[in-house]
Amino acid sequence: MIRTIAISFLIVVALMALAPVRYERQFRDSPNAAPSKQFPLGTDDLGRDRLSRLIYGTRVSLLLATAAAVLSCLGAALLGGAAGFGIADGIILATADLFLSLPWLFLLLIVRAFLPLNVSPMLSVTITFLLLGALGWAAPAKVVRAAVRKLRGSDFILQARAAGCAPSRLLWKHLIPNAMPILWAQLFITIPAYVLAETTLGMLGLGVMEPLPSWGNLLRELGGGAIHPWQFAPVLLLAAVVGSFQVIFEREDYSV
Amino acid sequence: MLRHLARIAVLVLASGVACALLVRYAPGTMVDERELDRRLSEENIRELRSNKADVLGNFKRYLVGLTKGDLGYSQSNNAPIAALIADRAPETLREIGIGLLGGWAIGLALAIRRTWAVSAGMGLLLSLPTALIAYLCVMKGAKSSLVLVIVLAPKIFHFAGNVLAQAYTALHVEMARARGVGEARILVSHVFPAISPQLLALAAASVSMAIGAAIPVEAICDVPGLGRLAWNAAMARDLPLLVNLTMIVAVATTMATTVTAAISER
């Protein structure tokens with residue numbers, strides 16, 4: 001029941017995020033306006049509608065996190081799968097250990113700080129997406145490697161090999177379909193982690209740049225000046241979305 | 001034992017080299033304001049550039065200096081790195097120590113007495129980024145060490161709660177219950193021994209989590225610790241300082257992982 005509610009909520013949020021809004025439009029006569037019929041969540045310092053920015057920010061953050069998670073999982077599938085097959089196993093494992101020897105947040109913040117900071121909003125989105133995708137492959141790759149190794153030794157694979165099944169058929173018909181649930185699980189575990197990572201980067205001024213909104217730079221507003229209750233709307237939405245992912249995927253059993 | 005030590009050494013050195021290469025090839029690294037000084041000759045400027053470009057040479061010199069206790073000099077802070085680290089480390093160690101102790105005490109206690117409301121509350125905290133928790137704590141005037149407790153407790157609660165729930169379904173635990181053994185004794189004598197390897201692994205992971213969370217917490221709460229030092233070093237592209245800090249973090253996390261792995265193997 002609760003999982004159905006969480007899935008429905010995520011679908012509603014995803015659809016809502018697609019609504020056409022003008023996040024950059026300024027109402028110069030109404031800066032810092034309180035919630036009203038015209039502006040349900042009020043306006044910011046520059047007179048921009050907070051609700052429009054929240055809707056567009058949701059689109060940016062969710063799309064960015066999903067795209068980065070897909071990139072990470074593709075990297076994990078390729079590298080973890082190759083290592084599971086014994087191809088460059090030692091090198092891939094050592095590289096993954098190197099990535100995992102530093103806390104992920106430390107690595108992410110340090111690497112992002114080295115990239116150009118004053119960039120256009122679209123470039124900042126691309127940098128954040130590539131960074132999250134490129135740095136997050138190690139942990140899923142280890143899971144995929146373990147799964148592929150386990151699958152390789154399983155009875156049905158041995159039977160298929162004994163029956164003369166070609167390696168390419170073995171890969172496409174037997175290994176990949178059986179490894180897919182693990183990859184899906186990794187993808188949906190990674191998305192909320194990347195949502196939170198983007199938010200942390202954005203709050204420290206290293207994520208998506210203004211005027212493009214994202215949950216990270218919307219929450220950055222909480223860092224200074226007088227805070228009004230309606231400014232917490234992004235916090236509630238963020239917590240609800242990440243919480244929904246946790247509810248959906250917490251009890252799933254993806255063991256091979 | 002030797003294999004573990006060798007692994008730590010290789011990982012730490014590799015982290016240092018990777019960090020040095022990252023700084024060297026980061027956009028804008030070769031731009032140095034000192035080059036604008038009119039008193040510098042062409043030769044001086046060339047020397048400045050070649051010093052920066054020779055990453056492996058610099059790293060080798062750094063390692064030789066390390067054997068003599070010299071960690072190098074921080075240009076951005078205009079101070080010896082050993083002194084900077086000695087000055088900032090106690091604050092970070094205190095923060096991380098309080099965070100880990102508090103996080104484990106609260107997380108484990110709540111995991112043992114797990115209720116729906118507690119799970120929901122912890123799930124909510126788990127859904128918030130570290131930086132936001134730090135912001136909210138600063139707004140409420142809470143101490144920075146409390147932020148790490150709030151960040152770590154839900155993670156420990158989540159993992160430990162799952163492990164405990166699984167352990168309570170074991171046959172020997174049900175048998176002990178059927179024989180009328182008290183809950184406290186079941187926990188201490190039957191559940192904890194069974195889940196100690198997982199808890200040790202979680203202990204190692206929590207050290208890594210605490211170090212990772214220390215950077216945004218110290219940056220937002222303005223704590224003069226190693227996290228803030230690392231943040232400033234990254235912003236100022238201070239290569240010697242950043243290599244040292246990366247290696248310290250790598251030593252701390254790999255040591256934690258290796259020690260707990262060695263204990264659980266026994």
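These legends walk you through some close-up views of a predicted model.

View 1. The largest nonpolar core and some of its members. This core holds 123 residues, and Leu148(B), Ala230(B) and Leu242(B) are those that touch the most other members. Helix α2 of chain A, residues 50-84, gives the core its largest share, 14 residues. Where chain A and chain B meet. Here 36 residues of chain B and 30 residues of chain A make the contact. On the side of chain B that touches chain A, α1, α5, α6, α9, α10 and α11 of chain B each give two or more residues. The largest share of that side, eight residues, belongs to α9(B). Sorted by class, the side of chain B that touches chain A has 26 nonpolar and 10 polar residues, with no charged ones.

**View 2. A cis peptide bond in chain A.** Most peptide bonds are trans. The bond from Glu210(A) to Pro211(A), however, is cis, with omega near 5°. You will find Pro211(A) in the loop between α8 (167-203) and α9 (215-219) of chain A.

**View 3. Positive phi at Ala88(A).** Ala88(A) is not a glycine, yet has a positive phi of about 50°. This residue sits in the loop between α2 and α3 of chain A. Ala88(A) counts as partly exposed because 13 other C-beta atoms lie within 10 Å.

View 4. With 9 other C-beta atoms within 10 Å, Asp222(B) is exposed.

Notes: Residues numbered from 1 in each chain as written. Chains lettered and ligands numbered in written order. Predicted model: local features only at pLDDT ≥ 70, side-chain atom pairs only at ≥ 80, totals over all residues. Core = buried A, V, L, I, M, F, W, Y, C linked by C-beta atoms within 7 Å. Buried ≥ 20, exposed ≤ 12 C-beta atoms within 10 Å, placed from the backbone. Helix = DSSP H or I, 4+ residues; strand = E, 2+ residues; numbered from the N terminus. Contact = placed C-beta atoms within 7 Å. Nonpolar A, V, L, I, M, F, W, Y, C, P; charged D, E, K, R; others polar.
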